[in-house]
Amino acid sequence: MKIAVASENGMVTEHFGHCEEFMIFDTNNNQIVKSETIANPGHKPGFLPNFLADRGVNVIISGGMGGGAVEIFNERNIEVVVGARGDAKTAAEAYLQGSLKSTGSICHEHQHHEECGE
């Protein structure tokens, strides 16, 4: 399984599309076996969910995310976990242990992206 975390300086970001990078964790038997960081190639509607899906991501973790991105991830059978905070690797480990649950925090207006997750 591959878990991607929308991050900035190793921390989960509040808004998926505006993150600096994605930390991608390869897992086996609920353990992280490899990690890599890839730069966010740019925020364009509909692009990032497909960009991550094409890299084999199975789960995306973020602080908040727009409804359009959630729909595309759902169409690509990728689990969306929003409402996460703190260290990106710790969030991925918490997901693997079953202790990280999505709050369902969906951002509806981009001009208010700083308020996502509240």
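Which residues have the most contacts inside the largest nonpolar core? They are Phe16, Phe22, Leu52, Ile60, Met65 and Phe73, in a core of 20 residues. This is a predicted model: local features need pLDDT of at least 70, side-chain atom pairs count only at pLDDT 80 or more, and totals for chains, interfaces and linings use all residues. Residues are numbered from 1 along each chain as its sequence is written, and side-chain values use heavy atoms, leaving out hydrogens and water.

**The nonpolar cores**

- A nonpolar core is a set of buried Ala, Val, Leu, Ile, Met, Phe, Trp, Tyr and Cys residues joined through side-chain atoms within 4.5 Å.
- Buried means under 20% relative accessible area, exposed means over 50%, and partly exposed lies in between (1.4 Å probe, protein chains only).
- In soluble globular proteins, nonpolar side chains tend to be buried together.
- The largest core, with its 20 residues, draws at least two residues from each of β1 (2-8), β3 (21-28), α1 (47-53), α2 (67-75) and β7 (79-82).
- Its largest share, 4 residues, comes from α1.
- Helices (H or I, at least four residues) and strands (E, at least two) are DSSP runs, numbered from the N terminus.
- A second, separate core has 16 residues, including Ile3, Val59, Ile61 and Tyr95.

**Phe22 and Thr37**

- Contact means heavy atoms within 4.5 Å.
- Not counting residues up to four places away in sequence, Phe22 touches a set of residues that includes Phe16, Thr37, Leu48, Leu52 and Ile60.
- Thr37 sits in strand β4 (residues 31-39).
- Thr37 has a relative accessible area of 48%, so this residue is partly exposed.
- Beyond its neighbours within four places in sequence, Thr37 contacts Glu21, Phe22 and Met23.
- Thr37 and Ile24 are 13 residues apart in sequence, and their C-alpha atoms are 6.1 Å apart in space.

**Helix α3**

- In helix α3 (residues 88-97), the buried residues are Ala88, Ala91, Ala92, Ala94, Tyr95 and Leu96.
- These buried residues pack against β1, β2 (11-12), β3, β4, β5 (59-62) and β7.
- Asp87 caps the N-terminal end of α3, with a side-chain oxygen 3.2 Å from the backbone nitrogen of Lys89.
- Gly98 follows α3 and has a positive phi, near 85°.

**Gly46**

- Gly46 is found in the loop between β4 and α1.
- Gly46 is partly exposed because its relative accessibility is 29%.
- Gly46 and Gly68 are 22 residues apart along the chain, and 7.0 Å separates their C-alpha atoms.

How values were computed
A polar contact is a pair of N or O atoms within 3.5 Å; within protein, one must be able to donate a hydrogen and the other to accept it, and residues adjacent in sequence count only if both atoms are side-chain atoms.
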